[in-house]
Amino acid sequence: MGYTKGLHEVADGVWAYLQPDGGWGWSNAGLIAGDDGSLLVDTLFDLRLTAEMLEQMRATTPAADHIATVVNTHANGDHCYGNALLGGSEIVSTARCAEEMLQLPPATMAALLRSTDSLGATGQFIQRIFSPFSFEDVPLALPTRTFECQLDLRVGGRAVSLLEVGPAHTDGDAIVWLADEGIVFTGDILFHGGHPIVWSGPVANWITACDRVLALQPTVVVPGHGPVATPAALVDLKEYFELLTREAGARFDAGMTALEAARDIDLGPYAGWTERERVVANVHALFRDFGDRSPSDALRLLGEMAALAG
């Protein structure tokens, strides 16, 4: 399957919506068709992109005319800021995800972009990664239904299971599992071809989440970012985190800072992954796991990512 922008049918009545190149903010979504109402997996980072996606879905299948349910896999804006265009749909997420959405509404992102001139190199980095998106006048549309652990739904007679696997990438990560089709929408539990970023952690939980998805034995894996994958991509991500845990641990014991460690670590087979600057955020998460009071403030982490990116 080619990695091109737009809808890709991964099974009868099931589509992945892809946004190359999968970097900062360029997330994926999905549509599961049903005669009595379809299910949308995630919205996009702003209203323009979400409207463009919905238009293409409606042009592809009549099922997209009635999206009864929206599932937000987690609270990052590139998976939920487009919710406002789905008025009348039930919006579902984990309880932790719904709480986390309140912490970074679109208005906060808009204000951050307006303030970048005063933030030096950090501001330049923020402008580079987020300026393609518009957060002005985007209302925050919160979930109308929440769950913990697992929620089983029916979409046009099709079994769809929502499984909570966080905290990992964020506080309230969930995946969408279609057992009969062998398809899983992972949200940002899988970044395919780019470095993941640990906003929450602990990292051991993310490794466990990879194991949980692998235990389902999917045949098609739709990541939160990047091209449609096979389970091998989850194995790669798990081994990435295992390598990073070992390497960060050795440098933590040697007294390095997280930024020094991120610069020093040999990423081996993962050196070609994009968004390498995220390694410093991941090392900070590991340092916290090791017992250090390493910062988790997003602006501080963005500053260190800017330093690593040069």
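The sulfur of Cys-80 lies 6.5 Å from the closest cysteine sulfur, that of Cys-97, which is too far for a bond, a disulfide being a pair of cysteine sulfur atoms within 2.5 Å. For Cys-149 the closest cysteine sulfur is also in Cys-97, at 15 Å, again too far for a bond. A search of the whole structure finds zero disulfides. The structure is a predicted model, in which local features need pLDDT of at least 70 and side-chain atom pairs count only at pLDDT 80 or more, while totals for chains, interfaces and linings use all residues. Residues are numbered from 1 along each chain as its sequence is written, and side-chain values use heavy atoms, with hydrogens and water left out.

Cys-80 is buried, with a relative accessible area of 4%, whereas Cys-149 is exposed at 55% (buried, under 20%; exposed, over 50%; partly exposed, in between; 1.4 Å probe, protein chains only). Leu-140 is partly exposed, at 31%, and is placed in the loop between α4 (120-130) and β7 (145-147) (DSSP runs numbered from the N terminus: helices, H or I, at least four residues; strands, E, at least two).

The largest pocket has a volume of about 710 Å³ (on a 1 Å grid over the protein atoms alone, a pocket is an open set of points where a 1.4 Å probe fits, with protein on both sides within 12 Å along at least five of seven lines; lining residues have an atom within 4 Å of a point). Its lining comprises 29 residues, with Asn-76, Leu-104, Met-109, Trp-199 and Ala-298 nearest the centre. Helices α3 (106-114) and α9 (298-309) each supply at least two lining residues.

Note on methods. Grid points are joined across faces, edges and corners, and a volume is the space filled by probe spheres set on the points.
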